[in-house]
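The following exercises concern the nonpolar core and the aromatic pairs of the structure shown below. Each task is followed by a worked solution.

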Amino acid sequence: IALPDDTEEVTVYLGERADAQPALSLHPTVDQHTLPLARLHGPGARIGAGVRWRTAAYFAALGSGFMFVEIAFIQKFVLFLSHPLYAVAVVLFAFLLFAGIGSGVSKRLNETAAPKLRNPLAAVVLAIGLSAALGLALLPWLFEHAMGIPDVARIVISVALIAPLALFMGMPFPLGLARVEA
C-alpha cells in the first residue's frame with residue numbers, strides 16, 4: 001500500500017512494487033476519514049483487528065454523518081438566510097460551537113449519568129434523532145413566518161434552531177473515545 005502524504009490523490013496499490021496496477025484512487029476530500037482504515041489491514045494489524053475495524057468504522061461513520069447533516073442544513077438555510085455565504089458561516093459556526101459544548105458536557109454525562117443509564121450512547125443517539133426530527137418539523141413553519149424579519153434576527157433564530165441538535169451531535173465522539181479507553 002502506498003500512502004503518500006504530499007500528493008493531490010492517494011493511490012492504493014496491490015502488490016509489493018510501486019509500479020503495480022492501482023487498485024483504488026481516492027481524492028483527499030473523500031478519504032480523510034477512511035484512509036486510516038487502510039492501515040488496519042496488513043503487516044501492522046495485530047490481534048484484535050476486528051475491534052479496530054469496528055472502532056474505525058464507528059468514528060468514520062460519525063465523521064461522515066456529521067458532514068452530511070451539516071451539508072443538509074447549509075442547503076436548507078441558504079433560502080432562509082438569503083445568501084449561501086451566510087448559510088455556510090452560520091451553520092458551520094453553530095455546529096462547531098455547540099458540538100464543542102456537547103463534547104464538554106458528555107464528559108460530565110459519562111461520569112454522572114453512566115451509572116444510571118445502561119447505555120449513555122443510546123440515549124444520546126435518541127436525543128439526536130428527536131432534536132433532528134423537531135428541527136426538521138419546525139423549518140417549514142419558520143421559513144414561512146420569519147422571512148420578513150431582519151438578517152440578524154434570522155441568524156439568531158438559525159443558531160437557536162441548530163443548537164440542540166449540534167449539542168447532542170458533539171457527544172458521541174468523546175463517548176466513543178471513553179469506551180475505547182475503557
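**Exercise 1.** Identify which residues of the largest nonpolar core touch the most other members.

*Solution.* A nonpolar core is a set of buried Ala, Val, Leu, Ile, Met, Phe, Trp, Tyr and Cys residues joined through side-chain atoms within 4.5 Å; buried means under 20% relative accessible area with a 1.4 Å probe, protein chains only. The largest such core holds 28 residues, of which F73, F77, V91, F95 and I162 touch the most other members. Two or more residues each come from α3 (49-81), α4 (84-112), α5 (120-145) and α6 (151-169); helices are DSSP runs (H or I, at least four residues), numbered from the N terminus.

This is a predicted model, in which local features need pLDDT of at least 70, side-chain atom pairs count only at pLDDT 80 or more, and totals for chains, interfaces and linings use all residues. Residues are numbered from 1 along each chain as its sequence is written, and side-chain values use heavy atoms, with hydrogens and water left out.

**Exercise 2.** Classify the ring pair of F73 and F95.

*Solution.* Rings of Phe, Tyr and Trp (its six-membered ring) pair if their centres lie within 6.5 Å; planes under 30 degrees apart count as stacked, over 60 as edge-to-face and the rest as tilted. The whole structure contains eight aromatic pairs. For F73 and F95, the centres are 5.6 Å apart and the planes stand at 80 degrees, so the pair is edge-to-face. F73 lies in helix α3 and F95 in helix α4, 22 residues apart. Both are buried.

**Exercise 3.** Classify the ring pair of F80 and F143.

*Solution.* The centres of F80 and F143 are 5.2 Å apart and their planes lie at 25 degrees, so this pair is stacked.

Key
Buried means under 20% relative accessible area, exposed over 50%, partly exposed in between (1.4 Å probe, protein chains only).
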